Amino acid sequence: MSLSEERINEMKEIFSMVDDDGDGSITRSELALCLRAMQYSISNNEINDLMKKFDSDKTGHINFPQLLQIIAATEQPNVTKQTQTILSALKLFDTQNDETISENDFRFLMQQTGEQLSKDSVDDMIKATDARTKNGRIQYRKLVSTIIHL
């Protein structure tokens, strides 16, 4: 999945338009509207499955980081070679050899490669993947797996 700043901003804009009450979360029916506005052809049963899978706190609502997870799970690009390249680059920054990198190193890599991403976009990526460890490092395999949906 390509998470360009333009794509994230587009998703944020659609999410905000669909979030009728402005509380930062959307309901099941708003999720359907949101995904259809993003040009996804998705059935009501698929929407129900996505709610069951990604509404982890069982509130009946999806927030923006959860929406990013949904997008990552529903897009299935052919990225095997690209994935290996990304993992190899991230491994170079794995100074503790534990499949984690510092958040600063991750931010640096994201801002230096491909499209320039803002701090907020990088924050959204980290939040959406839930790849941060208790000591603040980033589990890069989990991050890549979630973003690219291996």
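Biologist: What pattern does the protein follow, read along the sequence?

Modeller: In this predicted model, the secondary structure of the protein comes to eight helices and four strands. Taken in order along the sequence, these elements give the pattern α-β-α-α-β-α-α-β-α-α-β-α.

Biologist: What share of the contacts with a separation of 6 or more comes from residues 24 or more positions apart?

Modeller: The protein has 150 residues, of which 43% count as buried. Among its contacts with a separation of 6 or more, the share that joins residues 24 or more positions apart is 54%.

Biologist: What distance separates the end C-alpha atoms of α1, and what span should its residues give?

Modeller: Helix α1 runs over residues 5-18 and holds 14 residues. At 1.5 Å a residue these should span 20 Å, which agrees with the separation of its end C-alpha atoms, also 20 Å.

Biologist: Which residues of α1 are buried, and what arc do they cover around the axis?

Modeller: The buried residues of α1 are R7, I8, M11, I14, F15 and V18. They lie on the same side of α1, because the arc they cover around the axis is only 130°.

Biologist: What covers the buried residues of α1, and which exposed residues sit on the face turned away from them?

Modeller: The cover over the buried residues of α1 includes the strands β1 (25-26) and β2 (62-63) together with the helices α2 (28-37), α4 (64-74) and α7 (119-129). The face of α1 turned away from its buried side carries the exposed residues E6, E13, S16 and M17.

Biologist: Within what arc do the buried residues of α6 fall?

Modeller: In helix α6, residues 103-112, the buried residues are E103, F106, R107, L109 and M110. They line one face of the helix, since, seen down the axis of α6, they fall within an arc of 165°. The face turned away from that buried side carries the exposed residues N104 and Q112.

Biologist: How do the residues of the contact of α2 with α3 divide into nonpolar, polar and charged?

Modeller: The axes of α2 and helix α3 (residues 44-54) come within 10 Å and cross at roughly 115°, and the crossing is right-handed. The contact is made by R28, L31, A32, L35 and R36 of α2 and by N44, I47, N48, L50 and M51 of α3. These residues divide into two charged, two polar and six nonpolar.

Biologist: Is D19 buried or exposed, and which residues beyond its neighbours within four places in sequence is D19 in contact with?

Modeller: D19 lies in the loop between α1 and β1, and its relative accessible area of 8% is under the 20% that defines buried, so D19 counts as buried. The C-alpha atoms of D19 and C34, 15 residues apart along the chain, are separated by 8.9 Å. Leaving aside its neighbours within four places in sequence, D19 is in contact with G24, S25, I26 and E30.

Biologist: What is the relative accessible area of K58?

Modeller: K58 is found in the loop between α3 and β2, and its phi is near 55°, a positive value in a residue other than glycine. K58 is exposed, with a relative accessible area of 61%.

Biologist: What does E99 count as at its relative accessibility of 38%?

Modeller: E99 is found in the loop between α5 (80-91) and β3 (100-101), and has a positive phi of about 60° although it is not a glycine. Its relative accessibility of 38% lies between the cut-offs of 20% and 50%, so E99 counts as partly exposed.

Technical notes:
Residues are numbered from 1 along each chain as its sequence is written. This is a predicted model: local features need pLDDT of at least 70, side-chain atom pairs count only at pLDDT 80 or more; totals for chains, interfaces and linings use all residues. Side-chain values use heavy atoms; hydrogens and water are left out. Buried means under 20% relative accessible area, exposed over 50%, partly exposed in between (1.4 Å probe, protein chains only). Helices (H or I, at least four residues) and strands (E, at least two) are DSSP runs, numbered from the N terminus. The arc is that of the directions from the helix axis to the C-beta atoms. The expected span of a helix is 1.5 Å times one less than its number of residues. Contact means heavy atoms within 4.5 Å. Axes are lines fitted to C-alpha atoms, for helices over the stretch in contact, and angles run from 0 to 180 degrees between N-to-C directions. A crossing is left-handed if the near helix is turned anticlockwise from the far one by less than a right angle, and right-handed if clockwise. Ala, Val, Leu, Ile, Met, Phe, Trp, Tyr, Cys and Pro count as nonpolar, Asp, Glu, Lys and Arg as charged, and the others, Gly among them, as polar.
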